[in-house]
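Biologist: Please show me the model. I want to ask what stands behind the words you use for it.

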Amino acid sequence: MASIRSDVRTYLQTLSSVTDLTGARVYPMGAPNSATFPFVTVTRVSSNHYHHTTDATGLVRDRIQLNAFASTAISLNNVCEALRNAMDTYRGTMGTSTVRNCTLEDESDDSTPPTDGSYAL
């Protein structure tokens, strides 16, 4: 059974709005040191499994974190906008996962200047 993390990754890799910017560089959890910019990482932050009085409901609320990395601020903004458009308010199927509602929780910039000249969000 695939995880929501791999289903989100696969979904993003099917969208030309994302792949036109990143190619196939959407990585589960962390990217390899050899990854070229721009790229995206997909991390599952938490999963809450819901129950009723006698058993599990089968419903899970997953919290997924997408991180975008790029060599310029313009490229980073373009990737972030593509991710936001792809994910915010999404409902439907992603691989083996049925997504009832996807909402953007927050955004932030990494305030630590990168040592390799890249930008991260």
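Modeller: Start with axes: these are lines fitted to C-alpha atoms, for helices over the stretch in contact, and angles run from 0 to 180 degrees between N-to-C directions. Helices (H or I, at least four residues) and strands (E, at least two) are DSSP runs, numbered from the N terminus. This is a predicted model: local features need pLDDT of at least 70, side-chain atom pairs count only at pLDDT 80 or more, and totals for chains, interfaces and linings use all residues. Residues are numbered from 1 along each chain as its sequence is written, and side-chain values use heavy atoms, with hydrogens and water left out.

Biologist: What makes α1 parallel or perpendicular to α3?

Modeller: Their axes come within 11 Å and cross at roughly 115°. Angles under 35 degrees count as roughly parallel, over 145 as roughly antiparallel, 65 to 115 as roughly perpendicular and the rest as oblique. Therefore α1 is roughly perpendicular to α3.

Biologist: Which residues make the contact?

Modeller: Val8, Tyr11 and Leu12 of α1 meet Leu83, Ala86 and Met87 of α3. Contact means heavy atoms within 4.5 Å.

Biologist: How many residues of the contact of α1 with α3 are nonpolar, polar or charged?

Modeller: Ala, Val, Leu, Ile, Met, Phe, Trp, Tyr, Cys and Pro count as nonpolar, Asp, Glu, Lys and Arg as charged, and the others, Gly among them, as polar. The contact has 6 nonpolar, no polar and no charged residues.

Biologist: What volume does the largest pocket have?

Modeller: About 1,600 Å³. A pocket is an open set of points on a 1 Å grid over the protein atoms alone, where a 1.4 Å probe fits, with protein on both sides within 12 Å along at least five of seven lines; lining residues have an atom within 4 Å of a point. Grid points are joined across faces, edges and corners, and a volume is the space filled by probe spheres set on the points.

Biologist: Which element gives the most to the lining of the largest pocket?

Modeller: β3 does, with 12 residues. The lining as a whole divides into 21 nonpolar, 12 polar and 12 charged residues.

Biologist: Is the bond from Phe37 to Pro38 cis or trans?

Modeller: It is cis, with omega near -10°. Pro38 is found in the loop between β1 and β2.
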